[in-house]
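Here are my notes on this one, as numbered points. Have the sequence and the model open while you read.

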Amino acid sequence: MSLNAIRPWRTIMRRKSRQIMVGKVPVGGDAPIAVQTMTNTLTTDVAATIAQVQAAADAGADIVRISVPDEESSRALREIVRESPVPIVADIHFHYRRGIEAAEAGAACLRINPGNIGDARRVREVIAAARDHGCSMRIGVNGGSLERHLLEKYGEPCPEAMVESALEHIRILEDNDFHEFKISVKASDVFMTAAAYQQLADATEAPLHLGITEAGGMVSGTIKSAIGLGNLLWMGIGDTIRVSLSADPVEEIKVGFEILKSLGLRHRGVNIISCPSCARQGFDVIETVQILEKRLEHIKTPMSLSIIGCVVNGPGEALMTDVGFTGGGAGSGMVYLAGKQSHKMSNAEMIDHIVEQVEKRAGELEAAAKAAE
Ligand code: SF4
């Protein structure tokens with residue numbers, strides 16, 4: 001039985017959106033919320049870009065976006081797509097030739113705003129190329145680069161102007177009978193972003209790509225994204241997310257998954273529950289968690305691990321986790337397996353032992369999942 005069935009306050013009712021495909025990855029409908037990032041290498045540096053795509057995919061990225069600013073990048077894109085384990089979105093913005101080249105090079109999706117391409121003939125050519133090559137599109141409205149007529153009408157960037165911009169781009173695609181698109185309405189301001197997405201969610205059935213643009217560095221960007229995206233996801237809005245950080249793309253993927261994990265929308269890897277530690281701790285909780293986070297990065301099976309400094313909260317948390325360790329006295333603590341007290345372990349050997357127990361439990365869970373299939 002799902003946890004949500006017995007604890008209804010955990011239930012998130014997702015907005016019903018149309019499903020599209022980004023390569024082999026479904027986006028929208030009842031598909032899992034896809035996690036994306038973007039490379040920051042030079043696209044023309046094919047080896048470096050492929051390495052970054054691969055690292056993001058290893059961290060769990062479902063989709064990766066790559067900038068295609070010139071013809072040389074279009075040529076590089078062909079090679080990158082061939083090697084990539086995940087679908088690639090080509091970031092075009094407005095140059096229609098790049099759009100056609102990217103579709104021909106095998107991009108799974110074009111990030112392009114049809115209203116910025118130019119005349120109707122160019123729009124038709126890009127749409128035809130997308131259709132011929134099974135390519136979807138992402139309309140990306142940004143609060144910082146709204147069309148002049150909308151800024152004049154509304155006086156300043158605001159949610160209404162962003163939604164109107166999105167609807168204008170949508171109309172162009174729909175007039176050309178093209179429906180394989182998703183939309184984003186990003187701003188660097190959390191309030192404006194959340195209001196724009198709420199209004200857009202009511203105005204279209206298309207899947208929505210969530211993001212807070214230029215969110216900032218690792219700590220501030222993570223918090224902004226968790227508040228902005230977290231609120232929208234909690235309301236059931238959002239079919240794919242990208243956390244924008246001035247940091248390595250792998251960090252963006254990790255933060256994206258943590259946001260989804262916190263809301264019970266997706267699960268991946270070991271969810272570590274740990275206490276902040278205090279004078280009662282029986283071992284160094286902070287250092288232990290830092291080491292375990294690194295040593296357990298390879299585990300993809302969803303499972304939980306509690307690392308608690310003392311018996312104040314340790315046994316209670318361990319009841320609800322797959323593996324648990326609670327600090328005790330005299331240089332040792334108690335290991336819990338599947339919620340039950342199991343055996344004592346010395347602090348000196350505890351990290352290796354926990355890694356072993358987690359790997360063992362992951363193996364059991366994977367075998368059980370295979371047997372159930
Ligand atoms: S669980 Fe124990 S060690 Fe951890 S913060 Fe609470 S009292 Fe301190």
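1. Start at the C-terminal end: the unreviewed UniProt entry annotates residues 271-360 as "domain: IspG C-terminal". UniProt positions are in the numbering used here, with feature names shortened, and such annotations may be inferred rather than shown by experiment. That span is 33% helix and 31% strand, and its end C-alpha atoms lie 16 Å apart. Helices (H or I, at least four residues) and strands (E, at least two) are DSSP runs, numbered from the N terminus.

2. A word on ground rules. Residues are numbered from 1 along each chain as its sequence is written. The model is predicted, with local features needing pLDDT of at least 70 and side-chain atom pairs counting only at pLDDT 80 or more, while totals for chains, interfaces and linings use all residues.

3. (Buried means 20 or more other C-beta atoms within 10 Å of the residue's own, exposed 12 or fewer, partly exposed in between; C-beta atoms are placed from the backbone.) Leaving aside neighbours within four places in sequence, Cys275 is in contact with Val285, Ile308, Gly309 and Asn313; contact means C-beta atoms, placed from the backbone, within 7 Å.

4. Now the ligand. Around it are Cys275, Pro276, Ser277, Cys278, Arg280, Gln281, Ile308, Gly309, Cys310, Val312 and Asn313, where a residue is near if its C-beta atom, placed from the backbone, lies within 6 Å. This shell divides into six nonpolar residues, four polar and one charged. (Ala, Val, Leu, Ile, Met, Phe, Trp, Tyr, Cys and Pro count as nonpolar, Asp, Glu, Lys and Arg as charged, and the others, Gly among them, as polar.)

5. H11 is worth a look down its axis. Val285, Thr288 and Leu292 are its buried residues; seen that way they fall within an arc of 65°, so they line one face of the helix. The arc is that of the directions from the helix axis to the C-beta atoms. The cover over this buried side includes E11, strand E12 (303-308) and helix H13 (347-372). On the face turned away are the exposed residues Glu287, Gln290 and Lys294.

6. Over to the other annotated domain: the unreviewed UniProt entry gives residues 17-256 as "domain: IspG TIM-barrel". There the chain is 47% helix and 18% strand, with end C-alpha atoms 21 Å apart.

7. Check the sheet order: an open sheet of eight strands runs E8-E7-E6-E5-E4-E3-E10-E9, with parallel pairing. Strands E8 (181-186) and E9 (209-210) are the edges, each pairing on one side only. Pairing requires at least two DSSP bridges between two strands.

Conventions:
Contact = placed C-beta atoms within 7 Å.
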